[in-house]
2 protein chains.
Amino acid sequence: MSNVDGQSTKSTRSGVQSVVRAFALLDLIADAGGRATLSELAERADLPMPTIHRLLRTLVGLGCARQMEDRGYALGPALMRLGDLAGRQLGDIVQPYLRSLVQDLGETANIAVLDGDMMVYSAQVPSQHSMRMFTEVGRRVHPSATGVGKAVLPSLKQERIAQIVQSSGMPELTPKTITDYDELLEELDRIRERGYAIDEEEQELGVRCFAVNVPGAPTPTAVSVSGPKSRLDEEFAKRAIPLVQGAAQQIGAELNRVE
Amino acid sequence: MSNVDGQSTKSTRSGVQSVVRAFALLDLIADAGGRATLSELAERADLPMPTIHRLLRTLVGLGCARQMEDRGYALGPALMRLGDLAGRQLGDIVQPYLRSLVQDLGETANIAVLDGDMMVYSAQVPSQHSMRMFTEVGRRVHPSATGVGKAVLPSLKQERIAQIVQSSGMPELTPKTITDYDELLEELDRIRERGYAIDEEEQELGVRCFAVNVPGAPTPTAVSVSGPKSRLDEEFAKRAIPLVQGAAQQIGAELNRVE
DNA sequence: ATTGTTATTCCACTATGCGGAATCAAATCT
DNA sequence: AGATTTGATTCCGCATAGTGGAATAACAAT
């Protein structure tokens, strides 16, 4: 969702030009951290100011944008409800992929998204074992101490990583939790290299987790399998990691599918 | 954000017709629980099907809507990021009002929004007392056992209340927690009558909270003050309740302000 | 196979959205 | 305090993007 020039979008993804432009502006405001001036938007959107102004006034009227007292624009509260309901649809979208993982591997599968400075579990399919991971949907966990968080962080810019970790903190949840920032960065380098993250009892003793970033997700998202380390051994890892990586690719493609 | 007929909107809130219509369709899908068919939308929007179809295809192309295999439409994942960032703006919007409450009353002030079946604290200004309420932003709490939840529930439809309570459950957090559904409904009747909710040690022993629904909020929202019951006595209540009610009105007006 | 319902595509038409020019408002400089 | 610069907003003639009725396609029910 990037193209503000309705003409070139017409050749790739046909659509109503004004609607495409309006969402492009919301996207640009989001890219700027939730706030931007009309001039900044004009520069990035490569559209004339009267056009941007008219679209923004419409969005303000709808509650999807707000004009601040310094004349800058911010995302508006009306988007919260749509975002909340869309988040619930995500669970529906990914459920088949999580179920497939559970069938193949026999362990609990989860999806979590980055929400502010914490990871939030938004869908889960538990395994059939009596002793299994159960993470309530909606639960917020520290990015630095979880597989899903460590899977997502490497895909972010360095300053964004610093901001998130500084804001959410690095509490010592178990003796295995990474609490040193430089050590975390080294771990993120390793994750980038091998393409998946491991939670080695960092969030909870006795629990292991393998997680992979979902490429192209509209918001940073990770898919994972988790369970007791007695079951999630190296042999399990060899089977699980390619399957989780495959699920991440499929989910990413599904989230980007437009037909 | 309701009017799908661009013409009548023109006289009230001028705007780009296609953009107004596109968001109206998203709103209608949201009203239907996140999913709707083209026919349902045509009926409620009072627009010709080709028009609705064209707008929906645009939204699908942007990732803001998804077409399911049964040809129905659902809200799409691209709205999640916008909703998340808009939620963070909410904190900025309400901060001055919460700060004002804390200055006037000397106790912690909070805003919480309904997210699925739980209330989520999205902003807080703590009091200066050493012993004070501190609720982490992002924390999810049960609607039936909190002031903010009980403030919001009376504004919802009966079937929505039943759905939320059935889904989130009514766990006994303290001996004072309401765990009987009929008793909860009676309490909601009382809240409707007097215009505010009280958490009488239901969420946490020794803690009291006065909460008011925010009228006209784009998503169910409540504002509250909370603290130890030794300080939040009846005399405090007499001072606090009108101020919290006033803050709720102001926040509601602010969230609906378009100029 | 037929019928009914819902969804999608086509296309002539025009009303809406566009964007350059003009104007206004705020910030900065002298 | 006044002038200049920068950014935002409004105006309005124009043309094309968006409209919606008709036609067609797809799906569900019988």
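**Entry 1: the model**
I am working from a predicted model, so every value below is computed from it.

**Entry 2: extent of the contact**
I started with how many residues each chain brings. Chain A puts 62 residues into the contact, and chain B puts in 62 residues as well. I then looked up the buried area: about 5,300 Å² between chain B and chain A, with 62% of it from carbon and sulfur atoms.

**Entry 3: charges and polar pairs**
I counted eight salt bridges across the interface of chain B and chain A. For polar contacts between the two chains, the count I noted is 13 residue pairs, both residues being at pLDDT 80 or more.

Next I asked which elements of chain B touch chain A. Those giving two or more residues include helices H2 (17-31), H4 (49-62) and H9 (234-256), along with strand S4 (108-115). H5(B) gives the most to this side, with 15 residues. By class, I logged 30 nonpolar, 14 polar and 18 charged residues on the side of chain B that touches chain A.

**Entry 4: salt bridges overall**
Over all chains, I found 28 salt bridges in the structure. One that I followed up joins Asp92(B) to Arg35(A), where the closest N and O atoms are 3.3 Å apart. This pair crosses between chains: Asp92(B) sits in helix H5 of chain B, and Arg35(A) in strand S1 (residues 35-36) of chain A.

**Entry 5: the sheet in chain B**
I then turned to an open sheet of three strands in chain B, ordered S1-S3-S2 with antiparallel pairing. Which strands lie at the edges? They are S1 (35-36) and S2 of chain B, each pairing on one side only. Between S1(B) and S3(B), which run antiparallel, I noted two bridges. Arg35(B) has Ala74(B) in S3(B) as its bridge partner.

What packs on this sheet? I found helix H5 (residues 78-105) of chain A there, touching S1, S2 and S3 of chain B. The direction of this chain A helix makes about 120 degrees with that of S3(B).

Technical notes
Residues are numbered from 1 along each chain as its sequence is written. Chains are lettered from A and ligands numbered from 1 in the order in which they are written. This is a predicted model: local features need pLDDT of at least 70, side-chain atom pairs count only at pLDDT 80 or more; totals for chains, interfaces and linings use all residues. Side-chain values use heavy atoms; hydrogens and water are left out. Contact means heavy atoms within 4.5 Å. Buried area is the accessible area (1.4 Å probe) that two parts lose on being put together, summed over both. A salt bridge is a side-chain nitrogen of Lys or Arg within 4 Å of a carboxyl oxygen of Asp or Glu. A polar contact is a pair of N or O atoms within 3.5 Å; within protein, one must be able to donate a hydrogen and the other to accept it, and residues adjacent in sequence count only if both atoms are side-chain atoms. Helices (H or I, at least four residues) and strands (E, at least two) are DSSP runs, numbered from the N terminus. Ala, Val, Leu, Ile, Met, Phe, Trp, Tyr, Cys and Pro count as nonpolar, Asp, Glu, Lys and Arg as charged, and the others, Gly among them, as polar. Two strands pair if DSSP finds at least two bridges between them. Axes are lines fitted to C-alpha atoms, for helices over the stretch in contact, and angles run from 0 to 180 degrees between N-to-C directions.
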